[in-house]
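Hi everyone, thanks for having me.

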Amino acid sequence: MRAPYLYHMQQQRFWLSPERMVFWEEEKALIVSDLHFGKTGHFRKSGIPVPQSVYKEDLQRLVSQLQYFQPRQLIVVGDMFHSHANKELDLFKKWRHDFPQLGIQLVMGNHDILQDKWYKELEIETVDQLTIKDMSFTHDINDIDGPVAHGAYFFSGHIHPGVHIRGGGKQSLHFPCFYFSPSYCVLPAFSRFTGLATIRPAAGDKVFAIVNHSIIPC
């Protein structure tokens, strides 16, 4: 794996990984959004022939990041799972048993519709919103309506942000990205089996594209 990119914010150290996640060094927390586990199985049940290798590759990418960063906890900022339980989620159960000491906190997203007993069985703590120190986590930044820590900075997901990078000959390519505004961050979708929503940065925003397994400041 290529080296992560160090991003300082509010006296904290965040390592942006080309594998579409962030390691919060002070909290030993790996932060990720929009894994959409089970999505390929959901499509196959609907008659769309998506290979299961897509899902297995995503699980292996997650394993490699856990081995690299050695986090104490995994914070999932919504849409950990795509839909109802299917055979692919049985593979996740086996994966979970290989990491019994890892705390997993899931900030519920619009696709997280499994029954409560399923999360409890796998020791996944579910919350609507999470706040640690001065950092808050919510799936969709547009849905903030509950009490939060005063002055908190938000991490969110949901939109699967992407950015256009223009090259020579008026060529333009679209890449997933980390998007930091002065008050919130939108994380890239961890799953590669998703589309991209083009973001339009304003003055003061910072964008980091994921290009060829590298982090590129835009």
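**Salt bridges and a covered strand**

Let's start with a pair of charged residues: Glu27 and Lys133 have side chains that meet in a salt bridge, 2.9 Å from N to O. Glu27 sits in the loop between β3 and β4, while Lys133 sits in the loop between β8 (130–132) and β9, so this pair ties together parts that are 106 residues apart in sequence. Just so you know, what you see is a predicted model.

Now, are these two partners buried or exposed, or something in between? Glu27 counts as buried, because its relative accessibility is 15% and the cut-off for buried is under 20%. Lys133, at 48%, counts as partly exposed.

Why would such side chains get together at all? Well, side chains of opposite charge can pair when their charged atoms come close.

How many salt bridges does a search of the whole structure find? Five. Another one of them joins the side chains of Arg13 and Glu25, at 3.0 Å from N to O. Here Arg13 is in strand β2 (residues 12–17) and Glu25 is in the loop between β3 (21–24) and β4, 12 residues apart. Arg13 is partly exposed, with a relative accessible area of 28%, and Glu25 is partly exposed too, at 25%.

Then there's Glu19 with Arg61, whose side chains meet at 2.8 Å, N to O. Glu19 lies in the loop between β2 and β3, and Arg61 lies in helix α2 (residues 53–69), so the pair ties together parts 42 residues apart in sequence. Both of these residues are buried.

Okay, on to a strand. In a regular strand, the side chains alternate between the two faces of the sheet.

What does β10 pair with? Strand β9 (residues 135–137) pairs with β10 in the parallel sense over three bridges, and Met135 stands opposite Tyr153. Three bridges also join β10 to strand β13 (residues 184–186), again running parallel. There, Phe154 has Tyr184 as its bridge partner.

One last stop: His36, in the loop between β4 (29–32) and α1 (39–45). His36 is buried, with a relative accessible area of 5%, and its side chain makes a polar contact with the side chain of Asp34 at 3.5 Å.

Conventions:
Residues are numbered from 1 along each chain as its sequence is written. This is a predicted model: local features need pLDDT of at least 70, side-chain atom pairs count only at pLDDT 80 or more; totals for chains, interfaces and linings use all residues. Side-chain values use heavy atoms; hydrogens and water are left out. Two strands pair if DSSP finds at least two bridges between them. Helices (H or I, at least four residues) and strands (E, at least two) are DSSP runs, numbered from the N terminus. Buried means under 20% relative accessible area, exposed over 50%, partly exposed in between (1.4 Å probe, protein chains only). A polar contact is a pair of N or O atoms within 3.5 Å; within protein, one must be able to donate a hydrogen and the other to accept it, and residues adjacent in sequence count only if both atoms are side-chain atoms. A salt bridge is a side-chain nitrogen of Lys or Arg within 4 Å of a carboxyl oxygen of Asp or Glu.
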